[in-house]
Amino acid sequence: MSTEPDGPEDRLRRLTTIWSRAVYPVTSTSLTRVEFEARLLPLARRLSGLLRARNFDAEVAKAVGAALVEAHCTDPEALSRTLDCVDAYLVLYCGDDGPQDELRMRTSRMQHAMAAGYAQALRARTLAEQEAIAQAALQAQGVVAQALHASEARFRAVFEGAAIGIGIADLDGNVLQVNKALLRMFGLPEQSLRGRQVLDWTHPEDAPQTWRLYDELVRGEREHYHVEKAFNRPDGTVLWTNLTVSLLRDPDGNPQYQLALMEDTTERRLLNLRLRYEATHDALTGLPNRTLFFERLEKALNAGEGQRFGLCYLDLDGFKTINDSLGHAAGDRLLVEVADRLQSCATAPGEMVARLGGDEFVALTTGPDTQREVDELAERIMNALVTPISIDGRDLLVRGSLGIVEGPAGERTAAEVLRSADITMYRAKSAGGNRAELADPEADARTITRHGLTTALPTALERGEFFIEYQPLVHLGDGSVRGAEALVRWLHPQHGVLGPDRFIPLAEHTGLIVPLGRWVLEESVRQARAWRERERAAGPLRINVNLSPCQLSHPGLVQDTVDILERAGVTPDALCLEVTESALIGADDDLLKPLRRLAEMGVDIALDDFGTGYSNLANLRRLPVSVLKLDRSFTQGMQQFPADPVDLKIVEGIVSLAHSLDLAVTVEGVETSAQAEQLRVLGCDTAQGWYYARPGPPERLHDLALADTTG
């Protein structure tokens, strides 16, 4: 590492100097400040490395926090000053030219981890000290008992010189003697303590068993007990102690006195409370954070029979735009103002507001009547966002999407409740935002299933979970099988066989439709070759493969198709690519160019679901299609007898127009012989539907084609 002026090592040493100057005055150490600075240097180097590391390791920051305790930085102010130095100077001196927002976020995580490591190490040290004090207390008890029985002078030396508070009382609870350490702890003169009654020192924070243990001891049923106990000082402050009370017996073994040994733990307790607060509250807004919120939510969900909960999950609409346009500082001020407004909405008993992170907040209400209360809470939250927020002279109108979950305690886990609220909030956002939605278990289930399918899609293709079924295309004139449409299916390990409507939209959304579509095309062309080799007597069979809009715009479509046909040894006339009418509405020449190239090669292009879109007939002149596939909605009116005359006229007109443009017509959804006959009379060329066969394995198509050739 360079030691040149203003080099990395020089900046690191400057950071360490600032740190040592801040912390040294509140550190109990025999080292000089220069020696103390040398001890901090390797810790600063570890923090600098963690700031720039590829992956953030919280254990490194925890270890630095623990090292502070080992360096005797046990004063609460030492940790506070350390965190302030890290916050103010670590990125400045060690961040180089890295992304400032990311480094600031990492520094914040580093501070939390350091505080956690510090608290853990301090607690371990405290436990060790308590054990040592307990041992000292037992030894002191023996020494005091021996001194009372043998040497008053020796007892007095031990009694007055002890570092812990010592008091002696009779079995009626009257204080007989106290040492100087105890007087300092209470801040009282000796005459004010001597003669007082032990029972006068009750405190609201006393543990339930405290006075039961005391009664057992003075009755001679117990030799000693240990508790954490609070005392009120004359100045109104509270003294917290580790209290050990022991029974002293006379030479005959009869109970005679009680001996109290006290260690002042007030500062340690305050530090622990502060660390607990920092670990459970958001540093920016002061609201409870995710940790404390989950504690409260789990408590509410375990509240018992007759208790309910209500939860509002809020996400601000358009916050990212505000953050990007006005800067993160303005975004932070906006979040603080929103937090204040939300806090004012949750003032009733059993209500709380927390910040989960970013611009996400939650409000919780508990009790037996949350069905009404959660609606009122949601209304207060939405109303709180109506008034614009002034930031840097701009009045910003903030809106939010709110997901509401309400129900009885004991039925769901905290994670399940929050997931339901999150799903509901996004449903409100998808509906336009600035609204509240109530959780719907069925909608939750659909969303969870959809998410599960989305995450499973990539590995499903690798594991070979997809397969293809084929539905025959039948010539209406002679009833012969002319080909088949390839329909992809997903054999899901949990959900069974899924149709394309369940996963094709997900594949399009994730981009997996391109490799999936390529696989379907390759498998279908390979199958077409197998059919052609087996059905030479019946004439060549054609395979129809669907193209999604995403595939249509993929630059590799033409080359992939050519490569697949060449590898399979199949001529282009064996393939028909089906494109939905809606995908080609308003299509420009760039989008149509790949289809034109494929059509010029000899690949048929079919306009699928014709009649379900705008049906702009003028578009047919510019589209490189050779087949129109009429949607099944046109044939539904032909299932009855007599057929709907309007439907007949529409189909007749479309067929006439198509044939005049030299286009073949295929009809979907044929389910009865009457439909098939009507469509034949109207001049349709081919048809498919359950009347002929449902989608099935490729062998079924072979059987149908073989039946055609044998009569």
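Two strands pair if DSSP finds at least two bridges between them. In this predicted model, strand 19 (residues 627–630) and strand 20 (residues 664–667) meet that condition, being joined in the parallel sense over four bridges. One of the residue pairs across these two strands is leucine 630 with valine 667, the latter lying in strand 20.

Strand 20 also runs parallel to strand 21 (residues 686–687), and two bridges join them. Here threonine 666 has threonine 686 of strand 21 as its bridge partner. Between strand 20 and strand 21 the chain passes through helix 24 (residues 673–681), and this β-α-β crossover is right-handed.

## Strands 3, 4 and 5

Strand 4 (238–249) is also among the strands that line the largest cavity. Ten of its twelve residues are buried, so strand 4 is largely enclosed by the rest of the structure. Strand 3 runs antiparallel to strand 4, with nine bridges between them. Across this pairing, histidine 224 stands opposite serine 246 of strand 4. The two strands form a hairpin with five residues between them, and glycine 236 in the turn has a positive phi of about 95°.

On strand 5, the pairing with strand 4 is again described as antiparallel, over nine bridges. Asparagine 242 stands opposite glutamate 263 in strand 5. The hairpin of strand 4 and strand 5 has five residues between the strands, and glycine 253 takes a positive phi near 90° there.

Strand 8 (residues 360–367) has seven of its eight residues buried, so it is largely enclosed by the rest of the structure. Strand 6 (residues 308–317) pairs with strand 8 in the antiparallel sense over eight bridges. In this pairing, tyrosine 313 has valine 362 of strand 8 as its bridge partner.

Strand 7 pairs with strand 8 as well, in the antiparallel sense and over six bridges.

In soluble globular proteins, nonpolar side chains tend to be buried together. The largest nonpolar core of this model has 75 residues, of which Phe503, Leu575, Leu577, Leu584 and Val651 touch the most other members. Helix 18 (residues 513–534) gives the most to this core, with eight residues. A second, separate core has 42 residues, including Val23, Cys94, Ala115 and Leu122.

When residues up to four places away in sequence are not counted, leucine 584 touches Leu552, Val579, Leu592, Leu595, Leu607 and Leu623.

The largest pocket has a volume of about 1300 Å³. It is lined by 33 residues, and the closest to its centre are Ser108, His112, Asp282, Ala283 and Leu284. Helix 5 gives the most to the lining, with nine residues. Among the other elements that each supply at least two lining residues are helix 4 (76–94), helix 10 (266–280) and strand 7 (351–357).

The structure also holds five cavities of 30 Å³ or more. About 260 Å³ of space lies in the largest cavity. Of the 22 residues that line the largest cavity, Val198, Trp201, Leu243, Ala260 and Met262 lie nearest its centre. Strand 3 (224–232), strand 5 (255–264) and helix 9 (210–218) are among the elements that each supply at least two residues of this lining.

## Two residues in their surroundings

Alanine 574 is found in the loop between helix 20 (557–568) and strand 17 (575–580). Its relative accessible area is 0%, so alanine 574 is buried, the cut-off for that term being under 20%. Leaving aside neighbours within four places in sequence, alanine 574 is in contact with Arg532, Leu541, Arg542 and Ile543. The C-alpha atoms of alanine 574 and arginine 399 are separated by 56 Å, and these residues are 175 residues apart along the chain.

Arginine 13 lies in helix 1 (residues 8–23). With a relative accessible area of 44%, arginine 13 is partly exposed. Apart from its neighbours within four places in sequence, arginine 13 is in contact with Glu37 and Leu41. Arginine 13 and isoleucine 164 are 151 residues apart in sequence and 41 Å apart in space, C-alpha to C-alpha.

Definitions and conventions: Residues numbered from 1 in each chain as written. Predicted model: local features only at pLDDT ≥ 70, side-chain atom pairs only at ≥ 80, totals over all residues. Heavy atoms only, no water. Core = buried A, V, L, I, M, F, W, Y, C linked by side-chain atoms within 4.5 Å. Buried < 20%, exposed > 50% of the residue type's maximum accessible area, 1.4 Å probe, protein only. Contact = heavy atoms within 4.5 Å. Right-handed = clockwise from strand over helix to strand, strands pointing away. 1 Å grid on protein atoms, 1.4 Å probe; cavity = no way out; pocket = protein on both sides within 12 Å on 5 of 7 lines; lining within 4 Å. Points joined across faces, edges and corners; volume = space filled by probe spheres on them.
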